[in-house]
Structures are given as structure tokens and as C-alpha cells.
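Colleague: Hi! Could you walk me through this one while I have it open?

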Amino acid sequence: MKDLTPPRSSLDAIEIASRDEIEALQIERLKWSLAHAYENVPHYTASFDAAGVHPDDLTSLSDLARFPFTVKQDLRDNYPFGMFAVPRDQVARIHASSGTTGQPTVVGYTANDLHNWGIVMGRSLRAAGLQRGDLLHNAYGYGLFTGGLGVHVGADALGLTTVPVSGGMTPRQVRLIQDFKPKGITVTPSYALSILDEFHAQGLDPRESSLEVGIFGAEPWTNAMRLEIEDAFDMHAVDVYGLSEVMGPGVSMECVESKDGLHIWEDHFFPEIIDPDTGVPVEDGALGELVFTSLTKEAFPIIRYRTRDLTRLLPGTARSMRRMEKVTGRSDDMIILRGVNVFPTQIEECLMATPGLAPHFQIELSRPDRMDQMRVLCEAAAPDIGEQARAGSGRDLAARIKQSVGISVAVDVAPVGGVARSEGKAVRIVDRR
């Protein structure tokens, strides 16, 4: 793989500023954001008053812990535009969640918000090793989902040439990669595996493609999957993080030269880690739930938003800004099976370590005879693996899960193609209880 480290001279000054400079800017912007939310969003007026706090009470960064959390239900209760802090005619763009699990959550952006989004997403793409004039294959979905258009606004800001292919039509994805020869690809890690399968189906060697870096996000993925993708494509694989409630993609980014966690763009987003059960902030380095407060958002300020993502905060390395460890799972994705806490990423790690199995899987939960059961559906790594060999790999995976996670599961190993492919975020858990 090529060295894609961006020149230090190309970085924004704030990326390599001192911690004192970063925290002074954070306090200034945090005071503005709290006042902006309190004065213009009835929900925040009411929640701050109920908690007995006022924006003027913030004199240090630690004072933020006195302010109430925002949760997804607050956004749903104020559907569609109740959380907006500017008149509707000042909103330049609206995005929303799919609403498949409840009322959609709606977010808005002023023209200045879109400008700032371009700054942080462009900064993220540069941290991944891309530079002005490079060609980017953007396979995130375009539409109400923030992925495709969020990457696109950053690519425009950095000066990339963007192929807005969106998701789906996998044979065409491979054809365009072969014909246009992009340097980078932005895509969910699970869909990257589908693209990899299509390379092989067309008899093409993915290591001979033009791709030098893949920028993956929108779902948790393990370092084992990173190594699988990097080896398969002979390219760097780096992690990008974001969520629509906070901005979209580009809230934090892994730097290609270090690949040691995602640097949070702390001049626009203030992070906290809390104990998910008590809500009490924990020290940097401790595992907990990630909480974000926006520092510059005009249309949709967000105060102490509980992301439900589990990670930890670490000191900066390639940049001065703090890093968040790769997300290991979500507190609301955690499976409690017969008293044991299980995350899909743990199953993925066991799967990736088991010979003869491909990295495609789905977890099915059921409750026959009043006892919770887990079934892992996966598939063989090659089409010439017979039924007996598949059964043996299944037994190996079940034993590995038992040893690593401490639970007994059923494992079914299907032939190649037996697990449904995703063209966006992977559906890892099917709960039939």
C-alpha cells in the first residue's frame, strides 16, 4: 500500500493547535451554542429550566455535565421542525432518518451549517489520504440519509472529482471502478464486501484495481474486517464516524498514517463519555456511551445528545484533537442472552478468525420453550466447500464463540451467497422473540 500521509502544511491550523487553544475555542463556542439553543428552541428552554440551569452557568467545560441530555425520543416528540433554532425559510437543507423503527428524526442545516459540514468532511477525506483533484467513488446512499450527500459536500470542499454512484447495482459499481479508476471509495464496510464478491464474480482481481483507500462508516466493524478488506484490495481501510443528529459523516475520522482511532473535530463537536446506566461522565480512557454537543450548528443545535455508541476517549496522536476508539457496538444493539451481554462485533471477530468462512453473517434470536436461543447464519468462503466441510467450520465457529463470549449458539453455514447482502447498513440482528 502506498504512503498516503497528507503534508502537514495542508492541515488546518486548529488540527495541530495546542490543547489550551482548542479548549479556549470550545468554551467560547459552547457558550454560544447553549444560549442559541435555549433562546430559540422551546424544548431546550423547558429542559434547561426544569433542570435548574441557564447557559450563563457554564464557565468551564466541566460545567456542561450540569445540563440535561437530549435523546432520540426528544427529536421524535418534536417532529418535524420543533427542534429547529432558525425560521424554516433559513433552512437550506433537510435530512431525516428512515423512520423504520418509529417516528423519523428530522434535522436541518443553514447555508453556514452546510459550509461547516464541508469543512469537517473535507478535513476527514484529506485525513484519509485524498487530495485536490483525486477521483472519489461515493457509494453511500443519496437522499434523506446523510451519508451520500454528506460525503459529497466534503468532496466538493476538498476539490475532489466525485462519482455520485450511490448504493446498489453492484455490477455497475465494479464496472465504474474499473473504467473511471478512482483513488478512493466511500461505502459501508458490509457493502464493500458485496463489491468484493462482485469483483470475484466477474473474474477480476480487486488488488489490481485503482483503489488506494476505502473510507468506511455507518455501522460498527472490527479491525479483523479492516485487515480482510485491506488485503483483498491492497488498499488502506479507514473509519469515518458521524450521525445525522450531530451533523452526518465527518464528526470524526481515522487518520491514514496512524489508524489508531478516530480524531474528533473538536472545534465543531464537544465529546463526552458517560456511564450508560447512571449518565455520570467518566474519565478519558474509560469505556462508556458517547455524548455529543454541537458547537457551531445554527439550524439544529444539539445539546448532550446520547448517541448510544460505546467507545472511549483517548489523547490525540496524528492530530491534537482527541480520538475516539473504534465503536465496539451500541448500548441499544446489545443482546442479553441468558444473562450474558453480547455484541454483534464479538460474533464478527470469532467469524473472521474461523477458517473456511466468509465475513457475511446474520444473528437470529428466538425463544422456543421460554428459553432465549441464538442462531448464527454465515456462509462458506468458497463455492467448492462441501456440506461436510461447512458443518465442520460451523462447529469450529460455535466452539470459538463459546470460548470467547461464554454462550452456546447454533451455527448454520450456507453455501456462498446464502446470507442476504446489504446495499447500505447491514441488518445484523433478526429478533423473532
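This is a predicted model: local features need pLDDT of at least 70, side-chain atom pairs count only at pLDDT 80 or more; totals for chains, interfaces and linings use all residues.

Colleague: What's the phi of Arg 308?

Modeller: Positive, at about 75 degrees, although Arg 308 is not a glycine. Most residues other than glycine have a negative phi.

Colleague: Is Arg 308 buried or partly exposed?

Modeller: Arg 308 counts as partly exposed because its relative accessibility is 28%; buried means under 20%, exposed over 50%, and partly exposed lies in between (1.4 Å probe, protein chains only).

Colleague: And Asp 234, where is that?

Modeller: Asp 234 is in the loop between helix 8 (223-233) and strand 7 (236-243). Helices (H or I, at least four residues) and strands (E, at least two) are DSSP runs numbered from the N terminus. Asp 234 is not a glycine, yet has a positive phi of about 55 degrees, and with a relative accessible area of 30% it is partly exposed.

Colleague: Which kind of peptide bond joins Tyr 79 and Pro 80?

Modeller: A cis one, with omega about 0 degrees. Look for Pro 80 in the loop between helix 3 (72-77) and strand 1 (93-96).

Colleague: Switching to Arg 304, is that buried or exposed?

Modeller: Buried, because its relative accessibility is 2%. Arg 304 belongs to the loop between strand 11 (288-294) and strand 12 (305-311).

Colleague: What does Arg 304 touch?

Modeller: Setting aside residues up to four places away in sequence, its contacts (heavy atoms within 4.5 Å) include Phe 67, Phe 69, Glu 272, Ile 274, Pro 281 and Phe 292. A polar atom of the Arg 304 side chain also lies 3.2 Å from the backbone oxygen of Ala 65.

Colleague: On to helix packing. How do the axes of helix 4 and helix 5 cross?

Modeller: The axes of helix 4 (residues 111-127) and helix 5 (residues 146-158) come within 7 Å and cross at roughly 80 degrees. That makes helix 4 roughly perpendicular to helix 5. Axes are lines fitted to C-alpha atoms over the stretch in contact, with angles from 0 to 180 degrees between N-to-C directions. Under 35 degrees is roughly parallel, over 145 roughly antiparallel, 65 to 115 roughly perpendicular, and the rest oblique.

Colleague: Which residues meet there, between helix 4 and helix 5?

Modeller: Among them are Trp 117, Met 121 and Leu 125 from helix 4, and Val 151, Val 153 and Leu 158 from helix 5. By class, this contact has nine nonpolar, five polar and one charged residues.

Colleague: How do helix 9 and helix 10 cross?

Modeller: Helix 9 (residues 344-352) and helix 10 (residues 387-405) have axes that come within 9 Å and cross at roughly 130 degrees. So helix 9 is oblique to helix 10. Gln 346, Ile 347, Cys 350 and Leu 351 in helix 9 meet residues of helix 10 including Leu 397, Arg 400 and Ile 401.

Colleague: Is Ile 401 buried or exposed?

Modeller: Ile 401 counts as buried because its relative accessibility is 0%. Beyond its neighbours within four places in sequence, Ile 401 is in contact with Ile 347, Cys 350, Val 376, Gly 406, Ile 407 and Val 409.

Methods
Residues are numbered from 1 along each chain as its sequence is written. Side-chain values use heavy atoms; hydrogens and water are left out. A polar contact is a pair of N or O atoms within 3.5 Å; within protein, one must be able to donate a hydrogen and the other to accept it, and residues adjacent in sequence count only if both atoms are side-chain atoms. Ala, Val, Leu, Ile, Met, Phe, Trp, Tyr, Cys and Pro count as nonpolar, Asp, Glu, Lys and Arg as charged, and the others, Gly among them, as polar.
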